[in-house]
Amino acid sequence: MALRHAVLAALLDGEFSGYELAKSFDIGVANFWHASPQQLYTELARLEREGLVEGRQVVQEARPNKRLFQVTAAGRAELEAFAAAAVKPSVIRDDLLVKVQTADRIGTAPVIAQLEERAAAADAKIDLLGRVLRKMRGDLDEKEFLLRGDAIGGYLTCLRGIAFEEGHRDWCRRSAAVLRERRTQRAEQ
């Protein structure tokens, strides 16, 4: 997946400024695709040049003018082609895994600390995504929302984000405990 598809998908929900898109990414899309605000602005400009989004200038009196973007018919066709294409298996690329792999040879204290930080960050993300899900559902329970709610794609990706973060948190905590126990055992020998 390219950033272009994530941006086009986010714009399907309506017309957004670059700033609003960046906020949307931070809350919803970031659980499966990270992009800095600068990357988003660059991608919006590229998509507009390619005719996949169109922007319009909004004049504001008390604030600087802003541009709002929306997906064009060509952008929808691009997303439809992307959705129909075969998917590649996902892979993990994470510096922390390299550190864990070498921890018992180079020292465990910094790695344990980083594992604990990641676990805490995962807990915070789980909490945030849970709030997003509750807001999306409104007064409906989850089963009812999944059957009758509007635009459940974002809901389903948040569910995946929670499952990912829970698995990551649990792995971090277990790995930190194993490394801590091994360090203690070696110190006693």
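Predicted model: local features only at pLDDT ≥ 70, side-chain atom pairs only at ≥ 80, totals over all residues.
Side-chain values use heavy atoms, with hydrogens and water left out.

Reader: In what order do the three strands form the open sheet?

Author: Strands are DSSP runs (E, at least two residues), as helices are (H or I, at least four), numbered from the N terminus, and two strands pair if DSSP finds at least two bridges between them. The pairing here is antiparallel, and the order is β1-β3-β2. Because β1 (16-17) and β2 (53-58) each have a single partner strand, one side of each is left without a neighbour in the sheet, and the strands at the edges are thus β1 and β2.

Reader: Which residue in β3 is the bridge partner of Phe 16?

Author: β1 pairs with strand β3 (residues 66-71) in the antiparallel sense, over two bridges. In β3, the bridge partner of Phe 16 is Phe 69.

Reader: Is Val 71 buried or exposed?

Author: Val 71 lies in strand β3, and apart from residues up to four places away in sequence it touches Leu 8, Leu 11, Leu 12, Leu 52, Val 53 and Arg 76, where contact means heavy atoms within 4.5 Å. Buried means under 20% relative accessible area, exposed over 50% and partly exposed in between, with a 1.4 Å probe and protein chains only. Since its relative accessibility is 14%, Val 71 counts as buried.

Reader: What separates the C-alpha atoms of Val 71 and Leu 12?

Author: Val 71 and Leu 12 are in contact, although they lie 59 residues apart along the chain. The separation of their C-alpha atoms is 6.5 Å.

Reader: Which residues is His 5 in contact with, leaving aside its neighbours within four places in sequence?

Author: His 5 is found in helix α1 (residues 3-11), and with a relative accessible area of 11% it is buried. Once those neighbours are left aside, the contacts of His 5 are Glu 78, Leu 79 and Phe 82.

Reader: Which element gives the largest share of the lining of the second largest pocket?

Author: The elements that give two or more residues to this lining are α2 (18-27), α3 and β3. The largest share, four residues, comes from α3.

Methods
Residues numbered from 1 in each chain as written.
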